[in-house]
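Q: Can we go through this one together? I'd like to start with the strands and then look at charged side chains.

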Amino acid sequence: MKILLTIFFLGFNYVSTAQIITTFAGYGCVRPDSGDGIPATAACIGLPASGSFDAAGNFYFAEDFGAARIEKVSTDGIITTVAGNGTSGFSGDGGPATDASIVWAFEVVDSTGNIYIPDRDNYRVRKVNATTGIITTIAGNGTLGHCGDGNAATTAALWPNALCIDKQGNVYVIDSSVWVRKISPLGIITTVAGNGIQGNTGDGGSATAAEVNLTYAISTDLAGNLYLGGYGNIRKVDITTGIINTIAGNGTSAPYISDGPATTSQFLAIEMTIDRYNNVYIADYGVGNNRILKLDTFGYITSIAGNGTSGFSGDGGPGTAAELCNPEGVAVDVCGNVYIADDCYRRIRKVTFNPSCTPADSVSLNTTIVNINKQVSVYPNPAHDEVNVTASNKITGITITNLLGQQVRAIQYNSVAVRVDMRGLPTGVYFMKITDEDGGQTVERIIKSEP
């Protein structure tokens, strides 16, 4: 029941209780070293960037070319180097990743712990095998350019700025800021977005015919749709149709003004991640920005960390009152807590949204989400009289719970399409747990509206 309630409250976008910011790794030193085997808060780290989690709840982040490493912080808070020897350059393919030289690298970790590195100025994408620790090149021939589509990714020319991985093992790479390329699990590279011209045109049409204007922000949701963030907007590529559209930003890369409708907001998305509920978290970089923004599934954007002033302050207080400086990474754990690569002050900072969720809970939650049936539709939402629910498997039961965790409806079914009566419930936000014939469960947030 504890895990179920945690899932309910993580799905609610408008929690108003204070979220406390603390330092998770680093202490603001000048000369970085590896710091292996010590508490992460005692480690002298380089300028941090990116950030991601494996399925066990371990956190990974990259250090800049002055440190040239990928670091891991285990669930017990101990830091170790997992890639890079601290020297900026290119070497080491086929050997231990900790002996290799890398340059300017962000990183992404898949669920099994494999590390993918867009080794930008080496014009390669490299992979560290989770089991062996061996580093290899999986894309790029070491030359700057844009060629090789339809062939082995290792023969292609590219300039990888950032990447993400979907649940099928496809690797999506921002190439030269104007294309997005896909490396399939078979190692074939193709272009999936961008026509090679920097810009923001093409909404409503094919992503490969559109102009794109990206920095380092790319992510994918559970359905495999791509989200591309850059100077003043977030765009979404429907992976089924290939159509691209803007979902946030007015196209202006300028200081953040205020919370509100996402399409009228302005920001500079240097990094981005998506949680299990398809909320998008944006590292809003630069002078006048210095915030972490959250784009919810209703198209509303809010500032959840940083007060817009460049600096270091606020540990122990609300995240929105803290000063950040050039946040170059944002990650979200399965508990809903947010991790920020605070670049200038050489720290990873954590905003705790769910203090009762432990690393052990994180593993359980990961397992729960993996088993959820994703082929479920709930509509209309908001709704007044009734909600339609359809699924690819037969629905055997639906329960509805309010924000206090109290069950207000429990109904048994045996159909792939059902109607749920919402009459008699007060207006507000509820959570609907849908169970299918295979035991899979989906939790959806629904809003009971006025007539």
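Q: What order do the strands have in the open sheet of four strands?
A: This is a predicted model. In it, the order is β7-β8-β9-β10, and the pairing is antiparallel.

Q: Which are the edge strands?
A: They are β7 (108-109) and β10 (135-139). Each of them pairs on one side only.

Q: And how many bridges join β8 and β9?
A: Five bridges, in the antiparallel sense. Strand β8 covers residues 115-119, and strand β9 covers residues 124-128.

Q: Which residue in β9 is the bridge partner of isoleucine 117?
A: Arginine 126. That arginine turns up again in a network of salt bridges, where Arg126 is linked with Asp93 and Asp119.

Q: What holds strands of a sheet together, in general?
A: Backbone hydrogen bonds pair them, either parallel or antiparallel.

Q: OK, salt bridges. How many does the structure hold?
A: Ten. One of them joins the side chains of arginine 120 and aspartate 121, at 3.4 Å from N to O.

Q: Is arginine 120 buried or exposed?
A: Buried, because its relative accessibility is 14% and the cut-off for buried is under 20%. Aspartate 121 is partly exposed, with a relative accessible area of 34%.

Q: Which salt bridge links distant parts of the chain?
A: Glutamate 386 with arginine 419, at 3.7 Å from N to O. The two residues are 33 apart in the chain. Glutamate 386 sits in strand β28 (residues 386-401), and arginine 419 sits in strand β29 (residues 407-421).

Q: How exposed are glutamate 386 and arginine 419?
A: Glutamate 386 is partly exposed, at 34% relative accessible area. Arginine 419 is exposed, at 58%.

Q: What about aspartate 421, which residue does its side chain meet in a salt bridge?
A: Arginine 423, at 3.0 Å from N to O. Aspartate 421 is partly exposed, with 33% relative accessible area. Arginine 423 is exposed, with 54%.

Q: Switching topic. Where does arginine 181 lie?
A: In strand β13, residues 179-183. Arginine 181 counts as buried, because its relative accessibility is 1%.

Q: What lies 2.8 Å from a polar atom of the side chain of arginine 181?
A: The backbone oxygen of alanine 157.

Q: And how far apart are arginine 181 and leucine 163?
A: They are 9.3 Å apart in space, C-alpha to C-alpha. In sequence they are 18 residues apart.

Q: Now β11. How many of its residues are buried?
A: Six of the six, so strand β11 (residues 160-165) is largely enclosed by the rest of the structure.

Q: Which strand does β11 pair with?
A: Strand β12 (residues 171-175), in the antiparallel sense over five bridges. In one of the pairings, cysteine 164 has tyrosine 172 in β12 as its bridge partner.

Q: What do β11 and β12 form?
A: A hairpin, with five residues between them. Glycine 169 in the turn has a positive phi of about 90°.

Q: Last one. What is the mean pLDDT of the chain?
A: It is 86, and 91% of the residues reach 70 or more.

Q: Where is the pLDDT below 50?
A: Over residues 1-18, for one. Beyond near neighbours in sequence, that stretch has 41 contacts in the model. The pLDDT is also below 50 over residues 366-374, a stretch with 19 such contacts.

Key. Residues numbered from 1 in each chain as written. Predicted model: local features only at pLDDT ≥ 70, side-chain atom pairs only at ≥ 80, totals over all residues. Heavy atoms only, no water. Pairing = 2+ DSSP bridges. pLDDT = per-residue confidence, 0-100. Contact = heavy atoms within 4.5 Å. Buried < 20%, exposed > 50% of the residue type's maximum accessible area, 1.4 Å probe, protein only. Polar contact = N/O pair within 3.5 Å; in protein donor to acceptor, adjacent residues only side chain to side chain. Salt bridge = Lys/Arg side-chain N within 4 Å of Asp/Glu carboxyl O.
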